[in-house]
Amino acid sequence: MPASPQIPARGGPIKTEERLMTLATAQPPVWPALVQHHGDAELEFILDAGTFEAWQAGSTSAKLIDAEGKIFDLDRNKRLTAAGSASLAEVLALIRAHASLEGICCTPKLGAPDISSAIALLSSLVKA
(Lines give C-alpha, C1' and ligand atoms only; values in the text may rest on other atoms or scores of the structure.)
Protein backbone atom coordinates (compact mmCIF):
# COMPACT_ATOMS: atom_id res chain seq x y z
CA MET A 1 0.00 0.00 0.00
CA PRO A 2 1.54 3.37 -1.03
CA ALA A 3 2.42 5.84 1.68
CA SER A 4 0.14 8.83 1.92
CA PRO A 5 1.54 12.05 0.47
CA GLN A 6 3.29 14.55 2.67
CA ILE A 7 1.40 17.83 2.71
CA PRO A 8 3.82 20.75 2.28
CA ALA A 9 3.56 24.32 3.42
CA ARG A 10 1.40 26.50 1.18
CA GLY A 11 2.99 26.92 -2.25
CA GLY A 12 5.50 24.09 -1.94
CA PRO A 13 5.85 20.93 -4.00
CA ILE A 14 4.15 17.76 -2.85
CA LYS A 15 5.73 14.35 -3.33
CA THR A 16 3.21 11.69 -4.36
CA GLU A 17 4.16 8.32 -5.75
CA GLU A 18 7.73 9.65 -6.24
CA ARG A 19 6.49 12.57 -8.37
CA LEU A 20 6.27 16.26 -7.69
CA MET A 21 3.39 18.63 -8.32
CA THR A 22 3.34 22.26 -7.34
CA LEU A 23 0.47 23.37 -5.16
CA ALA A 24 -0.47 26.88 -4.14
CA THR A 25 -2.57 25.29 -1.41
CA ALA A 26 -1.85 22.84 1.40
CA GLN A 27 -4.48 20.32 0.24
CA PRO A 28 -3.61 18.04 -2.69
CA PRO A 29 -6.34 16.78 -5.03
CA VAL A 30 -8.16 13.56 -4.19
CA TRP A 31 -8.08 11.28 -7.25
CA PRO A 32 -9.72 10.65 -9.65
CA ALA A 33 -10.30 14.11 -11.06
CA LEU A 34 -11.51 15.83 -14.19
CA VAL A 35 -10.00 18.73 -16.13
CA GLN A 36 -12.08 21.33 -17.94
CA HIS A 37 -10.41 23.92 -20.15
CA HIS A 38 -12.08 27.33 -19.79
CA GLY A 39 -14.72 27.91 -22.44
CA ASP A 40 -14.78 24.25 -23.50
CA ALA A 41 -17.35 21.55 -22.67
CA GLU A 42 -14.87 18.76 -23.39
CA LEU A 43 -13.49 17.14 -20.23
CA GLU A 44 -10.41 15.07 -19.53
CA PHE A 45 -10.26 12.24 -16.98
CA ILE A 46 -7.28 12.08 -14.62
CA LEU A 47 -7.07 8.76 -12.77
CA ASP A 48 -4.29 9.49 -10.26
CA ALA A 49 -1.15 11.49 -9.51
CA GLY A 50 0.84 9.47 -12.06
CA THR A 51 -1.70 10.21 -14.79
CA PHE A 52 -1.59 13.89 -13.84
CA GLU A 53 2.20 13.88 -14.03
CA ALA A 54 2.09 12.39 -17.55
CA TRP A 55 -0.84 14.58 -18.68
CA GLN A 56 0.05 17.33 -21.15
CA ALA A 57 -1.42 20.69 -20.14
CA GLY A 58 -2.97 22.67 -22.94
CA SER A 59 -2.22 26.20 -24.00
CA THR A 60 -5.22 27.63 -22.15
CA SER A 61 -5.99 27.82 -18.47
CA ALA A 62 -8.15 25.10 -17.00
CA LYS A 63 -9.70 23.89 -13.80
CA LEU A 64 -9.31 20.55 -12.09
CA ILE A 65 -12.17 19.16 -10.00
CA ASP A 66 -11.22 16.34 -7.68
CA ALA A 67 -13.22 13.42 -6.24
CA GLU A 68 -14.36 15.55 -3.29
CA GLY A 69 -15.51 18.46 -5.46
CA LYS A 70 -12.55 20.69 -4.66
CA ILE A 71 -11.80 23.03 -7.57
CA PHE A 72 -8.23 23.96 -8.46
CA ASP A 73 -7.23 26.52 -11.06
CA LEU A 74 -4.63 24.90 -13.27
CA ASP A 75 -2.05 26.84 -15.26
CA ARG A 76 0.07 25.71 -18.23
CA ASN A 77 2.83 24.59 -15.82
CA LYS A 78 0.35 22.34 -13.99
CA ARG A 79 0.44 24.57 -10.91
CA LEU A 80 -2.71 24.00 -8.84
CA THR A 81 -4.37 26.81 -6.89
CA ALA A 82 -7.41 26.17 -4.68
CA ALA A 83 -10.46 27.89 -6.16
CA GLY A 84 -13.52 26.72 -4.23
CA SER A 85 -15.71 23.69 -4.56
CA ALA A 86 -18.29 22.19 -6.90
CA SER A 87 -21.52 20.42 -6.00
CA LEU A 88 -22.55 17.04 -7.36
CA ALA A 89 -25.17 18.82 -9.52
CA GLU A 90 -22.48 21.08 -11.03
CA VAL A 91 -20.16 18.15 -11.78
CA LEU A 92 -23.00 16.16 -13.34
CA ALA A 93 -23.92 19.17 -15.52
CA LEU A 94 -20.33 19.28 -16.82
CA ILE A 95 -20.34 15.54 -17.49
CA ARG A 96 -23.72 15.72 -19.27
CA ALA A 97 -22.46 18.56 -21.49
CA HIS A 98 -19.36 16.48 -22.31
CA ALA A 99 -21.48 13.39 -23.06
CA SER A 100 -23.68 15.43 -25.37
CA LEU A 101 -20.58 16.63 -27.21
CA GLU A 102 -19.53 12.98 -27.63
CA GLY A 103 -22.91 12.23 -29.25
CA ILE A 104 -24.24 10.18 -26.35
CA CYS A 105 -28.03 10.21 -26.18
CA CYS A 106 -30.21 10.52 -23.09
CA THR A 107 -27.63 12.64 -21.23
CA PRO A 108 -30.25 13.94 -18.74
CA LYS A 109 -30.45 10.36 -17.42
CA LEU A 110 -26.74 10.32 -16.50
CA GLY A 111 -26.45 10.32 -12.74
CA ALA A 112 -24.24 9.34 -9.84
CA PRO A 113 -24.61 9.17 -6.05
CA ASP A 114 -21.48 11.24 -5.37
CA ILE A 115 -18.76 13.29 -7.09
CA SER A 116 -16.21 10.47 -7.09
CA SER A 117 -18.69 8.18 -8.87
CA ALA A 118 -19.57 10.93 -11.35
CA ILE A 119 -15.92 11.39 -12.24
CA ALA A 120 -15.52 7.61 -12.60
CA LEU A 121 -18.50 7.70 -14.98
CA LEU A 122 -16.63 10.28 -17.03
CA SER A 123 -13.82 7.78 -17.61
CA SER A 124 -16.17 5.65 -19.71
CA LEU A 125 -17.20 8.68 -21.79
CA VAL A 126 -13.74 10.04 -22.63
CA LYS A 127 -12.37 9.04 -26.01
CA ALA A 128 -8.86 7.59 -25.90
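Modeller: Two strands pair if DSSP finds at least two bridges between them. Helices (H or I, at least four residues) and strands (E, at least two) are DSSP runs, numbered from the N terminus. The model here is predicted, with local features needing pLDDT of at least 70 and side-chain atom pairs pLDDT 80 or more, while totals for chains, interfaces and linings use all residues. Residues are numbered from 1 along each chain as its sequence is written, and side-chain values use heavy atoms, without hydrogens and water.

Biologist: Which elements does the chain have?

Modeller: There are 3 helices and 7 strands, in the order β-β-β-β-α-β-β-β-α-α from the N terminus.

Biologist: How do you know that S6 and S7 pair?

Modeller: DSSP must find at least two bridges, and S6 and S7 have 4, in the antiparallel sense, so they pair. One of the bridges joins Phe 72 to Ala 82 in S7. The two strands form a hairpin with 5 residues between them. Lys 78, in the turn, has a positive phi of about 65°.

Biologist: Where does Lys 78 lie?

Modeller: Lys 78 sits in the loop between strand S6 (70-74) and strand S7 (80-85). Lys 78 is buried, a word that means under 20% relative accessible area, with exposed over 50% and partly exposed in between (1.4 Å probe, protein chains only). Of the 128 residues of the chain, 38% count as buried.

Biologist: What lies by the polar atoms of the Lys 78 side chain?

Modeller: The backbone oxygen of Glu 53 is 2.6 Å from a polar atom of that side chain, and the backbone oxygen of Trp 55 is 2.9 Å from one.

Biologist: How many salt bridges does the structure hold?

Modeller: It holds 2. Lys 70 forms one with Asp 66, their closest N and O atoms being 3.3 Å apart, and another with Glu 68, also at 3.3 Å, N to O. Both values fall within 4 Å, so both pairs qualify.

Biologist: What makes Glu 68 count as exposed?

Modeller: Its relative accessibility is 53%, and exposed means over 50%, so Glu 68 qualifies. Salt bridges that share partners join Asp 66, Glu 68 and Lys 70 into one network. Lys 70 and Asp 66 are both buried.

Definitions and conventions
Lys and Arg count as positive and Asp and Glu as negative; His and the chain ends are not counted. A salt bridge is a side-chain nitrogen of Lys or Arg within 4 Å of a carboxyl oxygen of Asp or Glu. A polar contact is a pair of N or O atoms within 3.5 Å; within protein, one must be able to donate a hydrogen and the other to accept it, and residues adjacent in sequence count only if both atoms are side-chain atoms.
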